[in-house]
Amino acid sequence: MAELVADFVLRRLREWGVGHVFSYAGDGINELLAAWDRAGDRPRFVQSRHEELAAFEAVGYAKFSGRVGVCAATSGPGAVHLLNGLYDAKLDGVPVVALIGQTARTALGGAYQQEIDLMSLYKDVASEYLEMVTVPEQLPNVLDRAMRTAQARQTVTAVIIPGDVQALEYTPPQHAFKMVPSSMGISESSVVPDETSLRAAAEVLNAGKRVAIMIGQGARDAAGEVLEVADRLGAGVAKALLGKDVLPDDLPHVTGAAGLLGTKPSYQLMRDCDTLLMVGSSFPYSQFLPEYGQARGVQIDIDPNRIGMRYPFEVNLLGDARRTLRGLLPLLNHQEDRSWRETIEQNVRDWWEVMDRRAHVDADPVNPERVFHELSPQLPGNAVITSDSGSAANWYARHLRIRGDMRASLSGTLATMGPGVPYATGAKFAHPERPVIALVGDGAMQMNGLNELITIAHYWREWTDPRLVVAVLNNQDLNQVTWELRAMGGAPQFTPSQRIPDIGYAAVAEEFGLRGSRIDDPGQVADAWRRALAADRPCVLEFVTDPAVPPIPPRADLDQLEKVTTSLLKGDPEAWSVVREGVKAKAQEFLPGKRDRD
């Protein structure tokens with residue numbers, strides 16, 4: 001049988017080392033599905049429940065494997081459904097290739113069923129490379145460029161293939177005019193700033209007496225170098241949320257996450273420093289960076305589009321983080337005065353004591369901080385952790401202490417709801433031998449997490465380590481938005497939009513053949529984690545948590561306090577609970593060595 005375009009596409013993916021394609025069937029990719037059958041399901045077709053979930057699975061796979069994630073969708077609605085997950089990949093700098101079906105060429109322009117102008121629809125999300133294949137000879141070049149561009153630029157690319165083109169006999173490009181040949185592969189590369197720029201950066205850093213370092217996911221391969229620089233300069237290190245797993249949190253000078261969801265010692269680090277070194281991060285919240293004019297700054301980033309942003313840096317070094325720091329290290333002086341480092345370390349110790357006390361404040365019925373606090377010491381050293389957006393991200397950012405070979409991520413830039421559980425599925429296909437924990441709110445669980453449990457139930461027996469724990473914060477409230485209404489809008493909770501149905505998530509999991517446990521007693525939290533992390537299959541832990549526990553920012557300004565007060569006075573239905581829990585949580589900062597048990 002002749003090789004068809006659809007057959008060639010799958011063969012080329014295999015040659016690129018693609019092992020999984022996350023997808024959902026549809027007639028716009030029927031020829032590809034038939035080719036999958038002929039190819040013996042290579043690369044593996046991973047069946048999602050919805051194209052958005054397929055895209056999120058591909059993002060999770062790419063984030064935790066370091067390889068290109070691939071997803072596929074049918075024409076029309078399938079292509080539309082992919083977009084949210086693809087934007088999540090684009091904004092977080094994750095390499096994902098989307099393969100999309102399209103109406104047959106003979107029908108294009110004829111207002112045919114499911115016909116959408118996909119080139120216009122995808123021109124933003126796949127702006128680095130987007131192409132429609134109209135003749136077989138465009139391949140392999142189009143597919144190779146999509147894979148190569150996604151990998152090299154850490155972004156989203158897309159290839160659109162009309163259904164009738166998928167069914168054509170594949171003929172390669174010829175050695176002829178207006179034919180474009182192609183070849184496989186791409187080498188690793190590195191960019192290092194010139195010596196003059198490195199010396200200029202070293203001059204700024206050596207002059208500093210109170211140096212702060214901010215790292216993001218771009219510093220992941222430079223963790224050792226970051227620590228060397230920090231030790232040389234006596235600096236503290238804060239982490240952007242996407243860089244949470246770059247350095248362990250058991251180091252005394254690592255202050256944890258920065259920003260609205262961040263820690264107090266990270267806030268203090270930025271507030272009091274006189275020099276800022278930012279590595280591999282495009283941290284957008286300038287209000288959580290030093291005051292303008294307070295600190296001299298140096299930035300290191302591989303992406304020229306992100307260099308020089310967020311802060312008036314004095315020296316901007318375009319380069320690979322590891323190699324740039326290696327070039328910088330011999331030029332840095334050892335800071336003899338360690339008083340700044342000692343202050344940082346004391347702030348970090350104080351913070352963890354406060355977090356311990358906050359986690360043990362009584363709530364109605366379970367304090368959500370307790371859920372994360374009890375998980376942290378039980379995390380296996382090779383765990384992969386995903387978090388959804390919403391209030392779960394607050395506790396993920398603050399309470400979980402990364403150590404060992406742990407990996408962790410969430411939707412950092414798009415901050416979309418819904419990726420927590422499908423990220424975990426993608427992570428299990430990337431690392432079937434590692435335990436995975438997904439931390440999600442009940443809003444995200446109702447949005448798409450319940451559907452993702454079906455996919456987990458379908459595939460879990462294939463994984464070497466069957467442990468995938470989904471922790472759901474069941475507070476029947478879209479809690480993050482509720483607190484944003486109070487703190488930013490001065491508005492009370494609007495129950496028609498914020499209250500959500502009470503669903504038995506653990507019971508649903510049991511119905512799907514998974515383990516499920518509902519926890520409404522704070523004394524049962526630690527043991528629930530122990531049982532789930534020892535289970536012989538995926539498990540859903542449904543924690544019935546108190547929505548009135550406030551996600552207190554590292555610094556609450558007067559305007560925010562006034563707006564919360566205003567919202568409560570306007571008749572917020574949870575006013576008394578909010579006041580009670582807020583006072584108890586804040587009081588822990590002023591009660592050293594004592595836990596609140598009231």
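Student: How many bridges join strand E3 to strand E4, and in which sense do the two strands run?

Tutor: Two strands count as paired if DSSP finds at least two bridges between them. In this predicted model, strand E3 (residues 69-73) and strand E4 (residues 96-102) run parallel and are joined by 5 bridges. Within this pair, Cys 71 stands opposite Ala 98 in E4.

Student: In what order do the strands of the open sheet that holds E3 and E4 lie?

Tutor: The order is E2-E1-E3-E4-E6-E5, which gives 6 strands with parallel pairing. At the edges are strand E2 (44-47) and strand E5 (130-132), each of which pairs on one side only. From one strand to the next, the twist averages 20 degrees.

Student: Which strands does helix H3 lie across?

Tutor: Helix H3 (residues 51-65) lies across E1 (20-23), E2, E3 and E4. Angles between axes run from 0 to 180 degrees between N-to-C directions; helix H3 runs at about 170 degrees to E3.

Student: What is the strand order in the open sheet that contains E13 and E14?

Tutor: That sheet also has 6 strands with parallel pairing, in the order E14-E13-E15-E16-E18-E17. Its edge strands are E14 (407-409) and E17 (515-519). Direction ignored, neighbouring strands are turned by 15 degrees against each other on average.

Student: Which residue in E14 is the bridge partner of Val 384?

Tutor: The partner is Arg 407. Strand E13 (residues 384-387) pairs with E14 in the parallel sense over 3 bridges.

Student: Where does helix H20 lie?

Tutor: Helix H20 (residues 525-533) lies across E15 (436-441), E16 (468-474), E17 and E18 (539-544), and runs at about 170 degrees to E18.

Methods. Residues numbered from 1 in each chain as written. Predicted model: local features only at pLDDT ≥ 70, side-chain atom pairs only at ≥ 80, totals over all residues. Heavy atoms only, no water. Helix = DSSP H or I, 4+ residues; strand = E, 2+ residues; numbered from the N terminus. Contact = heavy atoms within 4.5 Å.
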